[in-house]
Amino acid sequence: MIIYNAEYTASAVNQSQYPKHTEPEIALAGRSNVGKSSLINKFINRKNLARTGNTPGKTQMLNFYHINDAFYFVDLPGYGYAKVSKEVHNKWGKMMQEYFSTRENLRAVIQIVDIRHKPSLEDQEMQGFLRNRGIPVLVVATKSDKIARGQWPKYLKAIAETLELPDWHYILPYSAENGAGVEELHQAVEEILDEVASEE
Ligand code: GTP
Ligand code: MG
């Protein structure tokens with residue numbers, strides 16, 4: 001996939017603020033600070049279109065990025081940031097609930113986990129939630145640059161087991177740091193879009 005255009009189009013906290021269009025959306029879900037925004041930037045080969053940072057909870061709204069005039073990435077606010085107040089936590093839940101239950105354009109979710117860590121309870125809940133809803137989900141294990149390539153299978157197997165995936169080969173190792181897995185993710189996204197097109 002060649003990325004010839006990528007632009008930020010909107011931020012939303014509720015349905016009325018979602019951009020109006022009929023193109024497919026692929027949402028990115030994962031723990032706060034796991035690297036969702038960085039994954040987008042690497043994917044589109046831009047330094048800082050999606051805002052990233054060391055402060056967890058940087059992305060507090062749903063951010064929509066229009067790619068190649070063909071589809072959207074939706075950068076979802078990260079979960080599992082312990083320091084947020086109860087109020088923020090509830091707001092987060094409502095935002096996610098509303099998006100997942102109302103957004104007809106949603107075609108797939110890229111669930112991002114850290115290759116080094118066993119997925120958290122929230123990661124497991126997210127995986128279960130998406131599976132129950134029948135939303136196609138692709139698991140990406142990012143920050144793979146932090147681990148020697150020879151060790152990847154060991155870590156990917158642990159992730160697959162925790163998320164109850166049938167096979168660790170379904171997990172895509174990725175790095176926003178050195179670009180590992182970017183080509184594979186381009187291809188996976190292309191396949192999702194082809195699938196959507198063939199249904200229409
Ligand atoms: P929230 O918006 O808070 O939910 O975080 P996020 O998931 O969007 O994470 P973000 O992309 O802002 O990255 C968090 C931190 O991890 C930043 O300091 C990034 O530089 C770093 N980071 C992200 N991806 C990678 C990666 O593949 N490798 C390494 N080494 N660091 C990464
Ligand atoms: Mg972010």
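Helices (H or I, at least four residues) and strands (E, at least two) are DSSP runs, numbered from the N terminus. The model is predicted: local features need pLDDT of at least 70, side-chain atom pairs count only at pLDDT 80 or more, and totals for chains, interfaces and linings use all residues. Residues are numbered from 1 along each chain as its sequence is written, chains are lettered from A and ligands numbered from 1 in the order in which they are written, and side-chain values use heavy atoms, with hydrogens and water left out.

Helix H3 spans residues 121–133. Glycine 134 follows H3, and its phi is positive, near 70°. Within H3, Asp123, Met126, Gln127 and Leu130 are buried, that is, under 20% relative accessible area (1.4 Å probe, protein chains only). These residues lie on the same side of H3, because they cover an arc of only 100° around the axis, taken from the directions from the helix axis to the C-beta atoms. An α-helix has 3.6 residues a turn, so residues three or four places apart point the same way. The face turned away from the buried side carries Leu121, Glu125 and Asn132, which are exposed, meaning over 50%.

Technical notes:
The expected span of a helix is 1.5 Å times one less than its number of residues.
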